[in-house]
Amino acid sequence: MIFQKTPLAFAVACLSLSSLAAAQTAKPDTNTNKLMDPIVVTATIGPRTVGESLSSVTVIDEQDLEQLDPRSASDLLRGQPGIDIVSNGSFGKNTSVFTRGTGSESTLFLVDGVRLRSATSGSAPWQYFPIELVERVEIVRGPRSSLYGADAVGGVIQAFTLDPKQGRKGWVELGAGNFDSQKISAGASASAGNTRFSLSGLHSETDGTGIAKDGDDKGFRNSAGVGRVVHELPNGGEASVVLMQSEGNTEFDGGNTDFLIRTVGLGLDTPVSDYWRTQIQLSEARDEQESFRSAGDSVFNTRSRTARWVNTFSAGVHELALGGELQSDEVTSTTEFDEDSRTNAAVFSQLRLNFGPSDVQLSLRADDNEAYGQEETGGISLGHAFDRSHRVRLSYATSFRAPTFNDLFYPLETFSFGGSFAGNPDLKPEQGESVELGVRGQYSDWFWDVAVYQLDVEDLISLESDASFNLRPVNVNEARIRGIELASGYEYQGWSLAGKVTFLDPRDEETDNRLRRRTHQSARLDVDRQLGAWTLGGSVVAQGYRYDDADNENRLPGFATLALRAGWEFAEDWTARLALENVTDRRYATAERFDGTDYIAAGRHGMLSVRYDFR
C-alpha cells in the first residue's frame, strides 16, 4: 500500500532535486557536457550521441562503475529505466532480465559486439558474467531487430570489457566480505608502436546464503579474464582481437553446475575512402553448462559463430549503412534434440537523414533461418531539436523473438510424477510492434528524459497442458505492454545524482492479467559525493509487487533496498573501498520455487577491498 505511492513521489523528487540543484547553474548551453549526452554505438550503426540516436538509452560509464562498484550484473541493472530483474537467489544463481516487460529471451546481450546467450533456453547467462571486468554498459530500450535480428524485442544491452587507457599500466585489487566472500583481480597493459595489449583477470568465491527459507548456504566460484590486442592502421582504422571468458561453479538445491561462457571477436574497422567506411567482425560465443543432480547429470552447450560486414557511406550530413550477417548455432547436449544446429542469413540497412534541426532514421532487415523461415523487420524514427538543449523523438518499429531449441526440438520427455514435455517444430516466432514518444532536455550539468511507449506482441510462446499434464509450447497469447520511463542526472562540483523511474502495465490480452513475474513500477536513486580523497555514496532501489503465476494468484510483495559505499585514496595510487548491499537486511523474493516457497535474495552483505594502480 505504501509502496504504491512511492514511485510517483520518487519521480517528482528525483526530477525536482535535479532541477533545484541545477537551477543556480544550468542553462541551455552551447557546450553540452559529454556526460550529459554521451556517445553511444549500440542504438544505431555507427557512433552517435544519445540525443542523435533518437532512442531511449542509458549509459553507465567507467566513472559510474567505479562509484557503484557492483558485484554482479543484477546489482548494476536492477532499477534502471525499463529493466526488471528476476533471480533464483543471490551469488551466481539463475537470473532473468526483462526489458520493457518482455521475457528474458527478448533482451539481446552483446559483449564487445558479440551476441552471448544459450540457444537452448534463449536467455543470456547474466549470473556468470564478470561485471568487474567491464568499463562501460549501454542499455538501449525498445526494438532493435531491424539492426540485430532475432530477440531484440525489448531492447539491447551491450557490455564493453576493460580497455586500459594510456598512462595506466595495470592494477591489482584484493577484497573480502561476509559469507566468506573473497576476490582478487589484476590487470596489465603495454604498447609497442601502433599496437597495444591488455590482460585483466578476476577470481571470486563465496559460501553464499540459503536460497530458500531455512535452506543451506549455496556457494559460487568464478574465474574470469579479458584479453585485448588492438593495432592502429596508418589510414586511421584499427584491427583488434578481444577475448572474454568466465568459468566456475554454482550450487543450487539438489545439485551444482559447472559453467563456462566465452566470447571471441576479431574486428577490422577502417576507412576505404573519404566517404566509405567498412567494418568486419568474425566472432564466436560459447555457453556451456554441466549440471550434477541426484536425479541425473545433464549437459547443455551452445556454440554460436557469426560473420558480420557493415559498409557505411556518407554524403555530407546524410549516411547510408548496408550490411550482411551469417550466424550458426550448434548445440551439444546429453538430451538428444531432434535438431542440433541451425543457420541464419541476413541483410540489413540503415538510412540517416539530417535536415537542420530535424532527423530521420530508417532501418530494414531480412532474416532467413533454416529452422523457422523468413522474417522481415523495420523501423522509422523522427527527431526534432527545438534548440541546443531540447529534443523530441517519435519512433515505430517491428521485431521478433525466435523460438529456442527447447521450444522447437526438445525430444519427448516423461516426468516421474506423470505428464511429459516435448518441443513443437511448428512454432512461429513471436512478433512485436512498438510505438514510442520521447522528450529530452540536456544542459551543462544535468539532463532529464521522458519516454512513453506501447509494445504489442503476437504469437507469444507459452506452454499448453492437457488434463494429464502433457506440456508443449504453442503460439497462443497476445500481450500489450504500456510504459512510462523517467530519468534524470546531475553532476556539479563533486556531486553526482541519478534518478530513474519506470511505470509498466504488461498485460495478457486474452485474460487481462499481468504478465508473470513482471513488476508494475520501479525506482532507483544513486547519489555520490567527492570530498577530497574520499568518495561517499548510496543507492536506493524500490520495486512494486509482482505475480509468480499467469493466473495472478501468487503475489510476491514489493520491496526497497539500500546500498552504501565509500572510497578512500589513502596514498598515491592506493584506494580502499567499502561496499554494503541491502543495508536494512530486507528479505525479498522475485520468484517462487516449484513447491511454492520463495527464492530468497541475500540479506545484508558487504565487501572491503584495497587496490593499487600502476602508472
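Which residues point one way from E4, and which the other way? Ile-83, Ile-85 and Ser-87 point one way, Asp-84 and Val-86 point the other way, and all are buried. This is a predicted model, in which local features need pLDDT of at least 70 and side-chain atom pairs count only at pLDDT 80 or more, while totals for chains, interfaces and linings use all residues. Residues are numbered from 1 along each chain as its sequence is written, and side-chain values use heavy atoms, with hydrogens and water left out.

- Strands (E, at least two residues) and helices (H or I, at least four) are DSSP runs, numbered from the N terminus.
- Buried means under 20% relative accessible area, exposed means over 50%, and partly exposed lies in between (1.4 Å probe, protein chains only).
- Strand E4 covers residues 83-87, and five of the five are buried, so the strand is largely enclosed by the rest of the structure.
- E4 and strand E5 (residues 95-99) run antiparallel and are joined by five bridges; two strands pair if DSSP finds at least two bridges between them.

- Side chains of opposite charge can pair when their charged atoms come close.
- A salt bridge here is a side-chain nitrogen of Lys or Arg within 4 Å of a carboxyl oxygen of Asp or Glu, and the count by this rule is 43.
- Glu-325 and Arg-365 form a salt bridge through their side chains, at 2.8 Å from N to O.
- That pair links distant parts of the chain, with Glu-325 in strand E18 (residues 318-333) and Arg-365 in strand E20 (residues 358-369), 40 residues apart.
- Arg-365 also has a salt bridge with Asp-367, where the closest N and O atoms are 2.8 Å apart.
- Glu-325 counts as buried because its relative accessibility is 10%.
- Arg-365 is buried at 3% relative accessibility, and Asp-367 is buried at 3%.

- The side chains of Asp-505 and Arg-507 form a salt bridge of 2.7 Å, N to O.
- Asp-505 is partly exposed at 31% relative accessibility, and Arg-507 is partly exposed at 26%.
- Elsewhere, salt bridges with shared partners join Arg-100, Arg-141, Arg-393, Glu-436, Arg-440, Asp-449 and Glu-485 into one network.
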